[in-house]
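This report describes the side-chain organisation of a single model. The sequence and structure are shown first, and the interactions follow by type.

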Amino acid sequence: MPTLPPRRVRPPEKSPHQHRDVAESFGTDAERYDRARPRYPEGLLERITANSPGPDVLDVGCGTGIAARQLRAKGRRVLGVEPDARMADMARRFGVEVDVATFETWDPAGREFDAVVAGQAWHWIDPVAGAAKAARVLRPGGLLALFWNVHQPPPEVTEAFVTIYQHLVPDSPFDLRAAARQSAEKSYYRPMLAKAADGMREAGGFGDPQEWRFDWECSYTRDAWLDQLPTQGPLTRFPPDKLEQILQAVGAAIDAMGGSFTMRYATVAVTARRAGGRPDGEPRLP
């Protein structure tokens, strides 16, 4: 379990958490989001539960409750916090209790938790204010676990997407060409992990941040991948005509590969333990 070294990554011109219009656009089609988005690997869930001192979990930016439901299946009691009421309504349909608020402004009302988690969400939150709020609601020894599913499509699929996307949106704030030149983990998620770790250190109250990684694969048909594509941040606010052009270009690339492909995923996490409990670096899982 490597420790993340202190490292200041030069931020982009505008950090993701400042793009509130994008952050709160995923509820445009909450049913598609819940249907198409990948779940989280079993190893991650087991490590979270094993390293939490109790069953109470706060799921920050819980969306439609994907991670919350997986953790509930492991016996956790989960409360979600979600700024988009449409996403929160979907989570409630699955039995997840949700408070509608941004995490920075959310009122915990004296509630405390054994773990605070965020799946695909922490980059929409101010990293220092978010870590400070997490430290406030975590019990001593509680776990803060922030994680992302990083996908790496085949080069043909990536190239088709980037080419048509940049033709349609030449002034996009998302540097997809840079992500295409190297793995998404290095070009996009690595700075996110470093910024999250720096936020924990600056907020105080945590031990040294640790990094977890889980590699896995998923097979997609053409239709399954095109179903997920509109749920991704750059596309949630696209007009239908431009979105259709992107789907046609990517679909043609998948057709040329035989109509399906295997996606490589890495689920990456940055974690830290709230001061006052079992020392960091002493995991219950081997």
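## Cysteines and basis of the model

A disulfide is defined here as a pair of cysteine sulfur atoms within 2.5 Å. By that criterion, a search of the whole structure finds 0 disulfides. The model is predicted, so local features need pLDDT of at least 70 and side-chain atom pairs count only at pLDDT 80 or more, while totals for chains, interfaces and linings use all residues. Residues are numbered from 1 along each chain as its sequence is written, and side-chain values use heavy atoms, with hydrogens and water left out.

Relative accessible area is classed as buried under 20%, exposed over 50% and partly exposed in between (1.4 Å probe, protein chains only). Cys-62 is buried at 7% relative accessibility, whereas Cys-218 has a relative accessible area of 24% and is partly exposed.

## Nonpolar cores

A nonpolar core is a set of buried Ala, Val, Leu, Ile, Met, Phe, Trp, Tyr and Cys residues joined through side-chain atoms within 4.5 Å. The largest such core has 33 residues, and those with the most contacts inside it are Leu-58, Trp-106, Trp-122, Leu-146, Trp-148 and Phe-206. Two or more residues of this core are given by each of strand S1 (56–60), strand S2 (77–82), strand S4 (113–119), helix H6 (127–137), strand S5 (138–152), helix H9 (184–203) and strand S7 (260–273). The largest share, 6 residues, comes from H9. These elements are DSSP runs numbered from the N terminus, with helices (H or I) of at least four residues and strands (E) of at least two.

A second, separate core has 27 residues, including Leu-44, Val-57, Val-98 and Phe-214. For contacts, the criterion is heavy atoms within 4.5 Å. Leaving aside residues up to four places away in sequence, Phe-206 touches Ala-131, Ala-134, Ala-135, Leu-138, Leu-144, Met-200, Ala-272, Arg-273, Arg-274 and Ala-275.

## Salt bridges

Side chains of opposite charge can pair when their charged atoms come close. A salt bridge is counted when a side-chain nitrogen of Lys or Arg lies within 4 Å of a carboxyl oxygen of Asp or Glu, and the whole structure contains 19 of them. One joins Arg-92 and Asp-89 at 3.1 Å, N to O. These two residues are 3 residues apart in helix H5 (residues 85–93), and are therefore separated by about one helical turn. Arg-92 is partly exposed at 37% relative accessibility, and Asp-89 is partly exposed with a relative accessible area of 42%.

Asp-114 and Arg-139 also meet in a salt bridge (3.1 Å, N to O). Because Asp-114 lies in strand S4 and Arg-139 in strand S5, this pair ties together parts that are 25 residues apart in sequence. Asp-114 is buried, with a relative accessible area of 5%, while Arg-139 is partly exposed at 25%. Both residues belong to a network of salt bridges that links Asp-56, Arg-77, Glu-112, Asp-114 and Arg-139. Elsewhere, Arg-222 forms a salt bridge with Asp-255, the closest N and O atoms being 3.1 Å apart. That pair links distant parts of the chain, with Arg-222 in helix H10 (residues 222–228) and Asp-255 in helix H11 (residues 240–256), 33 residues apart.

## Aromatic pairs

Rings of Phe, Tyr and Trp (its six-membered ring) pair if their centres lie within 6.5 Å; planes under 30 degrees apart count as stacked, over 60 as edge-to-face and the rest as tilted. The count comes to 8 aromatic pairs. Tyr-40 and Phe-147 form an edge-to-face pair, 5.0 Å centre to centre with 80 degrees between the planes. The two residues are 107 residues apart, Tyr-40 being in the loop between helix H2 (30–36) and H3 and Phe-147 in strand S5. Tyr-40 is buried at 9% relative accessibility, as is Phe-147 at 1%. Separately, Phe-103, Trp-106, Phe-113 and Trp-122 form one aromatic cluster.

The buried residues of H3 are Leu-44, Leu-45, Arg-47, Ile-48, Thr-49 and Ala-50. Their cover includes helix H4 (66–72), S4, S5, strand S6 (210–221) and S7.

Asn-51 lies in the loop between helix H3 (42–50) and S1, and is buried with a relative accessible area of 2%. The side chain of Asn-51 reaches the backbone oxygen of Arg-47 at 2.9 Å.

Terms used: Polar contact = N/O pair within 3.5 Å; in protein donor to acceptor, adjacent residues only side chain to side chain.
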